[in-house]
Amino acid sequence: MSWQFIIDWTQAPGQDFEKDDRGWEKGRRRKWDEMLDKRIEAIRKELENDPDQYYIGPTAIQVEYHRRYPEEELPPVRTIGQVLKDLNLSTPLKTGRNKGAAKYLCYPEWTIYEKLGERVLEADFVGEKFITGQSVPIHFLGYTFKKKPRLRHFMRVKGETTDEFIRCSAWFFEQFEKPGVMKIDNAMAMIGGRRGKRALSRTMMFLLRQRVYPMFAVPRQPFSQASMEGSNSVFGRKFWNQFEFGSVDEIDQRLVSFNDCTRRYLRYEPPESKKGNRREFAPKIYFLRQVQQAEKGSYGNVHILGETIEMPTEYVKFYVLGEWNLRDENLMIRFEEDKQSTVIREVNFPINERSKTKCSDLLNG
């Protein structure tokens, strides 16, 4: 409507701005009655008082509401949130400012989640924790799917080692689902000890033999593991900081309860593709990197597995995706803009000879 129409309408004779034509009583909801308020209040208080419940917000209440009243219409999360606010039972979340730097610097989000195809799983060690009376650190490994069906899962591990990562990941693939891509950080347990250039770590070979593409996040930039960082925050707020643990056994018991509760909260169900992965698979490893300016000269570069790869000056500060094809032994550097992925650099990238003798099955399969 134009402003002139609004002016003419509001100034028209006979307008009564105090008249209420909504069709329902002022101060009441258009659709939902007081019974909804009572049910939501009761569910919220029960969740708060249940030691095995870790989620008490609108989404958790909606899940529980559907379980209790499966035959009735399910109120939207927004309506439940408004009811909680009216009952003074809600706590506003503190949100930070999102400057959109990743989008501005062409982080290849679309390539990762759409072009590469299947499900992307993020995994990372949470970091050591300590309990009162014990000097031995407690370690956890977390997994998360960003896209639906969403899942967060945490496991206690003996330490941040390759053996523990492989053991837990093999269990996760069998218990839940096997992803198409696994995004991990550049820790020694994942990328290896860097004893030789272009070397394959045991983690890389394990994932490739599972027909999963390893993808290494941008070093020292947690946003490139944003889903995992968010899950770690939930783990800290709703699990680790909620209790005063007295023993490792108590941690393990509560962790089972926390994971079960999280799956119910997210309503996770494995996708149909879990039952078989018959896609064509060529062993490739991906590296997310930000182009840095070289110390000498005006050009840029990226560092991948001990090699420094020169990049055009125009791409300094932007994000790129390295794609290493092990059978062709070449590395392509891709740049994404407006959902278009373009190869901007291609170099020979031979596998380290010591690694090559250990992965003949991958190269010849």
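How do the residues of the lining of the second largest pocket divide into nonpolar, polar and charged? In this predicted model, the lining of that pocket is made up of seven nonpolar, eight polar and six charged residues. The lining counts 21 residues, and those that lie nearest the centre of the pocket are Gly-193, Arg-195, Ala-199, Leu-200 and Ser-201. Two or more lining residues come from each of helix H8 (188–191), helix H9 (202–209) and helix H12 (353–356), and the largest share, three residues, is given by H8. The space that lies in this second largest pocket is about 570 Å³.

From the pocket we can turn to a residue in a loop. Gln-225 is found between strand S5 (213–216) and helix H10 (226–238), and because its relative accessibility is 4%, where buried means under 20%, Gln-225 counts as buried. Leaving aside residues up to four places away in sequence, Gln-225 touches Glu-122, Ala-123 and Asp-124, then Lys-183, Ile-184 and Asp-185, and also Ala-217. With one of these residues there is a polar contact, since a polar atom of the Gln-225 side chain lies 3.3 Å from the backbone oxygen of Ala-123, within the 3.5 Å cut-off. As for Glu-72, which is 153 residues apart from Gln-225 along the chain, the C-alpha atoms of the two are separated by 39 Å.

Among the residues that Gln-225 touches is Glu-122, whose place is in strand S1 (residues 120–125). Glu-122 is buried as well, because its relative accessible area is 2%. Its side chain reaches the backbone nitrogen of Met-228 at 2.9 Å, while the backbone nitrogen of Ser-227 lies 3.4 Å from a polar atom of the Glu-122 side chain. Again not counting residues up to four places away in sequence, Glu-122 touches Gln-225, Ala-226, Ser-227 and Met-228, together with Tyr-113, Gly-142, Tyr-143, Thr-144 and Lys-183.

These details can now be placed within the whole chain. The protein chain has 13 helices and 12 strands, and buried residues make up 44% of its 365 residues. Of the contacts with a separation of 6 or more, 64% are accounted for by residues 24 or more positions apart. Along its principal axes the C-alpha trace spans about 85 × 65 × 40 Å, and the radius of gyration is 26 Å, whereas a compact globule of 365 residues would have one near 21 Å.

How values were computed
Residues numbered from 1 in each chain as written. Predicted model: local features only at pLDDT ≥ 70, side-chain atom pairs only at ≥ 80, totals over all residues. Heavy atoms only, no water. 1 Å grid on protein atoms, 1.4 Å probe; cavity = no way out; pocket = protein on both sides within 12 Å on 5 of 7 lines; lining within 4 Å. Points joined across faces, edges and corners; volume = space filled by probe spheres on them. Helix = DSSP H or I, 4+ residues; strand = E, 2+ residues; numbered from the N terminus. Nonpolar A, V, L, I, M, F, W, Y, C, P; charged D, E, K, R; others polar. Buried < 20%, exposed > 50% of the residue type's maximum accessible area, 1.4 Å probe, protein only. Contact = heavy atoms within 4.5 Å. Polar contact = N/O pair within 3.5 Å; in protein donor to acceptor, adjacent residues only side chain to side chain. Rg over C-alpha atoms; globule rule 2.2 N^0.38 Å.
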